[in-house]
Amino acid sequence: MERSFPREIELLKQGEGRMFYGEGILAVTKALLQSGVAYVGGYQGSPVSQLLDVMVQAKDYLDTLGVHVEACTNEASACAMLATSVNYPVRGAVTWKSIVGTNVASDALSNLASAGVLGGALVVVGEDYGEGSSVIQERSHAFAMKSSLCLLDPRPELAQIVRIVEHAFSLSEAASTPVMLQLRIRACHLQGSFVCRDNVAPALSALHPKASAPPHNPGRMSHPPHTFAHERQKVGERLPAARRYIVDHGINETLAGDIAGAGLIVQGGLYNTLMRALATADLVDERGRSRLPILVLNATYPLVPEQLSAFCADKSFVFVLEEGHPEFIEFEVSALLARSGSACAVRGKSTMSCTGEYNGEALLRGLERFIDECVPALSCVPAAAWREEIDALRARASALLAAPVPARPPGFCVGCPERPVFGAIKLVERELGPRHVAADIGCHSFAMFEPFLLGNSIMGYGLGLASAAGVGPMSGKRPLAIMGDGGFWHNGFLSGVVSALKNGADGVLLIFKNGYTSATGTQELISTPSAERRDQAGGASATADDHAIEDVLRGAGVKWLRTVHSYDVAAVKAVLRRAFTTAEPGLKVVVAEGECQLERQRRLGPWTARRLAAGRRVMRVRYGIDEEICTGDHACVRLSGCPSLTLRMPTDPLRVDPVSTVDAGCVGCGLCGELAGAAALCPSFYRVEIVSAAPTWERFIARIRSWAVRALLPA
Amino acid sequence: MLIAALGGQGGGVLTDWVVQAAHADGYKAQATSTPGVSQRTGATTYYVEIVTGTDAAARTAALALMPLPGRVDVVVCAELLEAARMLERGVVTPARTTVIASTHRVYTTREKMERDDGRFDAERIVAAVRSLARRAVLVDMEAVRARHGAAISAVLFGALAGSGALPLSRVACEDAIRAAGKGVAASIAAFGDAYARAESPDGVPSDGPGGSTAPPAADDVPLPMALARRVAALPPLVCEYARPGARRTLDYQNDRYAQRYLDRVERIVRAQAAAGRSPPPAEVAREAARYLALWMCYDDLIRVASRKARQSRLARIRREVAAQADDVVRIYDVFRPGVQEIAAILPRRIGAWLAQRERGDAPALSVGSGLRLQASSVAGALVLRFASALRPLRPHSLRFVQEQAAIDDWLGVLEGMLAADGRDSSAAGLEVARLPRLIKGYGDTQARGREEFNQLLDAGRDGNAAGFLRAQRARRDAVASDCGSWHGAAQARSPRAQPVLWAKRPPA
């Protein structure tokens, strides 16, 4: 794993009355333990990776409570785990990144929601929406609606989040319904504090196992005829029970204001941003409270009609602030008011922007329009003044900078094993021409950015090969499908490989075997090298000896299978060329093996320190460029894009263009040299081997050699 | 406070320190961020709010999770372009924002991959920050970081604390660093250094983490008398480049070659004088003298070997990689002379035959595939010495003959342009003088550059200034239309033959 969490684990152990200082997602983790959760599962992904990572690392402590933790292979298996709470009165929680994880989990989620639960079942979804997001922009809200789940969207304040998590389990039990807790990216990474309570050991657990199996209760199974009864229960019993719980326990908050006739209805997660926007628009009183009444929906589904009617009763306008498309809450509020014949008019997406994150700016611009149109008693001058000020500021900045600032998308790390493979793909492309590239999710999707600019589609995690199924038969050139080992185990083997084999597809699949799900924080896979293996690997690639992927492929019937070391660009190029041009029919799989450089560097640091301390020989490698020979054409950058391969102005007064240079961040992966060879780049690259604590004989030879070289070469 | 950084620069660590120091000083503080995948070297931000008010309203106020443009007090940037990004977003206002930014650059891939110079103008960013910030603390934090062997987050923290932009005490800040428990000594030293600098920031942009610091070119070695006299007779503006040019060509080949260089420079000076147009007086000849020198000292195997075979180079590399005195250092040069490169230094006829053969259908020769030469070994040094000793034979080589012809062709077009009348020809003359900038690199890159060079040169023949400028504009537009990427534009413009490969379909 990319990080280790000793401090965080100590925070989880804190008891009654102690102050917790930490991130939002860790606060949720602590709240799970305070709620007496018996089992936890999930699949990693920003922004909720940390929940599971901390839990996995805290195994020793969790064992003392009897809490079972499972790092699932995908979100579907995580969600299916919640079936435990269908038959047993135990609390369980799973987590994943939404919307993508919810999509993968949705089959299990529907079945779970249909059967209903006995013990509290909680899904913590990281709503990966807006700035910093890495997925498609959709709402988890739709899943809650279609499956009749409860959806919580707490105010982003740690004590409030913890309170809502604890309520979530009771709500789930009261309504026999799984509950989804949605946390936005910034709420997950929010640093704040709350007062702890003691952790609760679950009554039923590995420490206190159940003696007998549950009685057979077909009503707990999602199968006709019971599914029809489930539907009736959802509408007739569970949702009403959930609404009662929401009202009885004050999950939603009504905040009074001195302005009559208009009010705001806001998702809990947007509350803090809204307050800042109101303050800027001069719409708060001297104690910082909103002058407009607000209904804060910490539970965004189901809505409580009585609560909404009561809030709207004395108002001519309500403004629904709801992030994302479509505007489900706004529709529901509108329908409710229309049905009840209320005179209150609803504003929402007609006044706000329909798409994109509701940041302070978006809310402030929306508020200005709302006030202008609906609350003439108030002044929209402060909001308008702010808008004009910012527009002028941006115009001035643009004029001063004279050109748009170049984007800086994420990219491959220094020494990443995937970079040389994309370099090789570019080189093969030069020879054989461009072909369809079916990309996938993972670090390798960064190949879509400069300098590689590769890829024609992304269909989801592990779906690279499956997404090429229709392209192959109509293409003059075999398409190239890409998959990481993370995607391969997530579902790529079944949806891609097995499907291609079953249909006798003729295509090329490239699998990156770097040993981890690197993009999400280098979590472990079934094919991750063992701790022992990593310890022995030293400077070599620790993933070379694991053949789980190859064994599975062969077992399924892949005939054409080649494993090649990522950094050997010439070999990768040759193997790809062969895969593209061979007359052999069927699926051709190229496994590019190279350990994730982040993980390699993590283990190499201590390893090197240990060896040096013991006086044992250590060799480090770095690359460099001769400034006088580099012509400044930057062809090397266009094939590599390594962050440590950068530019500098030459000292030569005649030269006008910057030359390439290798900075101190170089980890000596060898790509520069390989590319210089395989792509016949310029001869300005050199490789330096620096041997520390060299044995006497090696030093002796080096001394003689250096003496001879001095005699041979001019100064 | 908004912190703009690149993934991996330690923005998260800095945020943690700030929050801890604020807590230690008794303030309520809240921080959040959007790292996610952008952590992988992409741009990312962190946002912190500290409550300085002590009344109940302040202590219970809801803190925001994201910055509101124009309402940010402190913007901390771990890299200069990220400061520009913050300006662009309207975050920085003269009314309230203190900008604490490192002046070093970490270039984006897009900037780096341009064939000539795609770098964003750093001076412009510095000027913009100075005019839009209420106060600007601009320090080359990368240099400070490197001096102390610390992470840049410690330097930023020091500059932030030293600037006084936040109400944090120095003790609380240093305690926060100590509590982290890793690399404390280096971090504290870097923090202290930056703390002091924040009061007297230098604000000069730098190239960022530098690799090599090449020895100054041998340009300042005095020229032989005859050459020096000829150079001195040139217009002073031209001298600036003609002097190092003469020195360069002399070192590259011999006295005769340097004389030939000056012959050519004088030819352009004369042409320009004859044209007699008012400003720029010697600008065209000056630029021509610069590119002529670079072109005449083109890179062939002989030159590459002579550059590589130097003791000073081996010593410089030892220094750059920070090798200790008793470390063993081995240097391998990645030489891969292709058939074309070898043909280039062979006598004209043989070289031409070989180059022709390589372009034809004859089986490819595998020459020098994967040659890795250890410059620091006896054998390697011998090979490099031998290759550089071929210098006297160079004037008979294939490429020498070709390059001289191409140079004379270019100078001819330049003369024609200078002699032409019309209002465009002055501007066109300068552009023609700079045209050799397109010819650089090796192999494919070199070929593409030459193709473009020849297209533009042809457009400018017979003093056709308007035609030349039109062609050049078309080229620039092609580059711009591909989001500034020369690479893609070049591919889009000139389709090349691709082999068609037939593969059997699997049996149905």
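**Questions on a predicted model**

Colleague: How many bridges join strand S4 (residues 74-77) of chain B to S5(B)?

Modeller: S4(B) and S5(B) run parallel, and along them Cys77(B) stands opposite Ala101(B). Strands are DSSP runs of E of at least two residues and helices are runs of H or I of at least four, both numbered from the N terminus, while two strands pair if DSSP finds at least two bridges between them. The number of bridges joining S4(B) to S5(B) is 4.

Colleague: What pLDDT do side-chain atom pairs need in order to count?

Modeller: Residues are numbered from 1 along each chain as its sequence is written, whereas chains are lettered from A and ligands numbered from 1 in the order in which they are written. In this predicted model, totals for chains, interfaces and linings use all residues, local features need pLDDT of at least 70, and side-chain atom pairs count only at pLDDT 80 or more.

Colleague: Why do the buried residues of helix H18(B) count as lying on the same side, and what arc do they cover?

Modeller: In H18(B) (residues 378-388), the buried residues are Gly380(B), Ala381(B), Val383(B), Leu384(B), Ala387(B) and Ser388(B). They are on the same side of the helix because the arc that they cover around its axis is only 160°. The arc is that of the directions from the helix axis to the C-beta atoms, and its value here is 160°.

Colleague: Which helix of chain A do the buried residues of H18(B) pack against?

Modeller: The face of H18(B) turned away from the buried side carries the exposed residues Ala379(B) and Phe386(B). On the buried side, the packing partners within chain B are helix H14 (301-308) and strand S8 (372-374). The partner from chain A is helix H25 (696-712).

Colleague: Which strand gives the largest share of the side of chain B that touches chain A?

Modeller: With two residues in contact if their C-beta atoms, placed from the backbone, lie within 7 Å, 116 residues of chain B are in contact with 118 residues of chain A. That side of chain B divides into 52 nonpolar, 34 polar and 30 charged residues, where Ala, Val, Leu, Ile, Met, Phe, Trp, Tyr, Cys and Pro count as nonpolar, Asp, Glu, Lys and Arg as charged, and the others, Gly among them, as polar. The largest share, 7 residues, comes from residues 328-334 of chain B, which form strand S7(B).

Colleague: At about what angle does helix H15(A) run to strand S13(A)?

Modeller: H15(A) (residues 360-374) lies across S10 (261-267), S13 (315-321) and S14 of chain A, and these strands belong to an open sheet with the order S9-S11-S10-S13-S14 and mixed pairing. Axes are lines fitted to C-alpha atoms, for helices over the stretch in contact, and angles run from 0 to 180 degrees between N-to-C directions. The angle of H15(A) to S13(A) is about 165°.

Colleague: Where in chain A is His634(A), a residue other than glycine with a positive phi?

Modeller: The phi of His634(A) is near 60°. His634(A) counts as buried because 29 C-beta neighbours are inside 10 Å. Its place is in the loop between S23(A) and helix H23 (635-639) of chain A.

Methods: Buried ≥ 20, exposed ≤ 12 C-beta atoms within 10 Å, placed from the backbone.
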